[in-house]
Amino acid sequence: MEQPLREVLQDPEVVRGLTENPAFFRFPRRPVVAVGAVAWPPHVVMTSVAGGRIVVSGAMGNVLQVLAQTLNFTYNIVIPEDGGWGSRRPNGSWTGMVGQLVRKEADLALGPFGVTVSRAEVIDYTLSFLMGDYTLLSRKGPPEIDPWGFLFPLTETVWAAVAAALVVAWLAATLVARRPRYVNVLGWAGGVFLQHVRVFFNQGITWKAAYGLAGQTVLGSWMVMAAVVFWSYTGNLTSLLAVRHIPQPIQTLRDLLDDPGVTLYISANTLIIDTISRMEDGELREMYDLRNVGRLKYHSLFPVSKMRYGRESSLYTTLTHDMDIASYFQKTKRCDFYKSRGLFTTNSHCMITQKKSPLMKAINYRARSVVEAGLYDHWMQQEMPATNCRYAPSVITVQEPLSLSNLWGLFVMLFVMLMVAVAVFCLELCLPPKTKTGP
């Protein structure tokens, strides 16, 4: 009959073998190891089989299989009642898988667990299997077009250069062109300027405003430059009108803190909660203080399908968010979520054992071999559904009719210019007319 591990470890020879020869040690009689575990794809995938037995797979499940085969033991999966990882209660006791080890209800726990000082006081960490970071997951907004996009085919510097070239060409034309004696200077100069503007907007050419070969040469040079700029503008504008921008506003923690309409969801009793609760100032402390205004809520695993644009964000490991995005795509064939560019709290993730467990050296030897061979990363990638949604662009192109919502910026500009024209007209009515004198 198989014995529990705690009884097998009562044998001094077994403990001596684990301590002195951890690389090649095998239990002479196969013990039963109690293993704490909580489902966390792609690390731990749990499946119930006949008889109520639980089978684990995934990257950490494969590590457990390696340990069981090389150390010669069997195991039973023990799920904590609260389904948590482990946090200290006010009375000093522990919850979750950490609590199982503290109460000796389990011999080791898969996790993988982020390293914290408080946990290290009551359990021991194995060597690290991976470095994990945390990021924000939010829902994308609907594709939209910028109504002021007609200003963007040319950059600000090009617009400024065109304006400067217009002034230079106008001044040059007024200097070299021959002005008739009976024509007012200001009126003639204004006509030359308007001629250059008409050329830029491709409205035709009238040679009455500029006289002589020199003036026509200056206007012709301006015509060539204006044509190139105008054609470049129209070509780029045609392309830009087919572009839709997908809003992704929450890219940093500061973006989230400054948006009062967004509620942040964090998994309870995890490394990130332990970290931010210890902060005295800074953005992480501001994030923890969101609980005072109802914008920070705890959850076991917030379903991304219920996340709304501009209303909720979730903070968890980057790998978990990649799984969420891929799983959602498999079900809906839609790429509706994005991760923030900012990363938070990079940390080692390890398996844990009871304090001063004789198994530690043997586990660490095998863990080092698994990590150095690249097996853990390989096993994680095998569990990840294939999808390009993790790197979906924030800009897309479409082929559809333009609506008023796409072009209302043009109508706003037209209205403003008409109001300016009305104002000038009223000003002309208020000013006394000029008296024309004979020659």
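I shall take the cavities and pockets first, and then the cysteines.

This is a predicted model, in which local features need pLDDT of at least 70 and side-chain atom pairs count only at pLDDT 80 or more, while totals for chains, interfaces and linings use all residues. Residues are numbered from 1 along each chain as its sequence is written, and side-chain values use heavy atoms, with hydrogens and water left out.

Rolling a probe the size of a water molecule over the atoms shows where empty space is left. On a 1 Å grid over the protein atoms alone, a cavity is a set of points where a 1.4 Å probe fits but cannot get out; a pocket is an open set with protein on both sides within 12 Å along at least five of seven lines; and lining residues have an atom within 4 Å of a point. Grid points are joined across faces, edges and corners, and a volume is the space filled by probe spheres set on the points.

The search of the whole structure gives three cavities of 30 Å³ or more. The largest cavity has a volume of about 100 Å³. Its lining includes Trp40, Trp85, Arg119, Tyr134 and His349. Which element gives the most to this lining? It is β5, with three residues; strands here are DSSP runs of E of at least two residues, helices are runs of H or I of at least four, and both are numbered from the N terminus.

The second largest pocket holds about 380 Å³ of space. Of the 14 residues that line this pocket, the closest to its centre are Trp159, Val162, Phe200, Phe201 and Tyr233. Helices α6 (156-176), α7 (185-200) and α8 (212-240) each give two or more residues to the lining. By class, the lining has 14 nonpolar, no polar and no charged residues (Ala, Val, Leu, Ile, Met, Phe, Trp, Tyr, Cys and Pro count as nonpolar, Asp, Glu, Lys and Arg as charged, and the others, Gly among them, as polar).

I turn now to the cysteines. The structure holds one disulfide, a pair of cysteine sulfur atoms within 2.5 Å. This disulfide joins cysteine 335 to cysteine 389, with S to S at 1.8 Å. The two cysteines are 54 residues apart and link distant parts of the chain. Cysteine 389 is buried at 4% relative accessible area, whereas cysteine 335 is partly exposed at 29% (buried is under 20%, exposed over 50%, partly exposed in between, with a 1.4 Å probe and protein chains only).
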